[in-house]
Amino acid sequence: MRLTDYEVLTFDTYGTLIDWETGIYTALGPLIAMLDDAPTRDRVLELFAEAEAAQQTETPSMIYSELLSTVYRTMARNWAVKVDPEESARFGASVKDWPAFADSRASLQYLKRHYKLVTLTNCDRISYRGSAERL
């Protein structure tokens, strides 16, 4: 099997091209700042992943930005922190701000000369637009 045997390459957007871990951790910053004894970055991301997975199981058709907003409220409740709806909505809309990995854009530009490229995501279209602009 050779790479030249292919005409189309597909990529999962978040985690492959977009640094979702940094994006999520940064967007959770206001919530984390309210904690007296904040968990480590890795632990925050683990707790986020647990809450996200549970919410996706409960509401599999929920728009991703709404899901993120709900997860934010769940994490706040689990940490006994009161947040207002605007805070959770900002977190829900944060996908557009998540950074691309440093080499993503240049790599895609190179590959685009040789292949049709398709990115895949379970994210909603509005949230994805910001990521698409970065790429």
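The structure is a predicted model, in which local features need pLDDT of at least 70 and side-chain atom pairs count only at pLDDT 80 or more, while totals for chains, interfaces and linings use all residues. Residues are numbered from 1 along each chain as its sequence is written, and side-chain values use heavy atoms, with hydrogens and water left out.

Helix α1 (residues 20-27) packs against α3 at an angle of about 95°, with the axes 10 Å apart, and α1 and α3 are therefore roughly perpendicular to each other. This contact (heavy atoms within 4.5 Å) is made by Trp20, Glu21, Thr22, Ile24 and Tyr25 of α1 together with Arg41, Val44, Leu45 and Phe48 of α3.

Helix α3 (residues 41-58) also packs against α4, at an angle of about 120° and with the axes 9 Å apart, so that α3 and α4 are oblique to each other. To this contact α3 contributes Val44, Leu47, Phe48, Ala51, Glu52, Gln55 and Gln56, whereas α4 contributes Tyr64, Leu67, Leu68, Thr70, Val71, Thr74 and Met75.

The loop between α4 (64-78) and α5 (85-92) contains Ala80. Most residues other than glycine have a negative phi, whereas phi of Ala80 is positive, near 55°. Ala80 counts as exposed because its relative accessibility is 73%, where exposed means over 50% relative accessible area, buried under 20% and partly exposed in between, with a 1.4 Å probe and protein chains only.

How values were computed
Helix = DSSP H or I, 4+ residues; strand = E, 2+ residues; numbered from the N terminus. Axes fitted to C-alpha atoms, helices over the stretch in contact; angles between N-to-C directions. Parallel < 35°, antiparallel > 145°, perpendicular 65-115°, else oblique.
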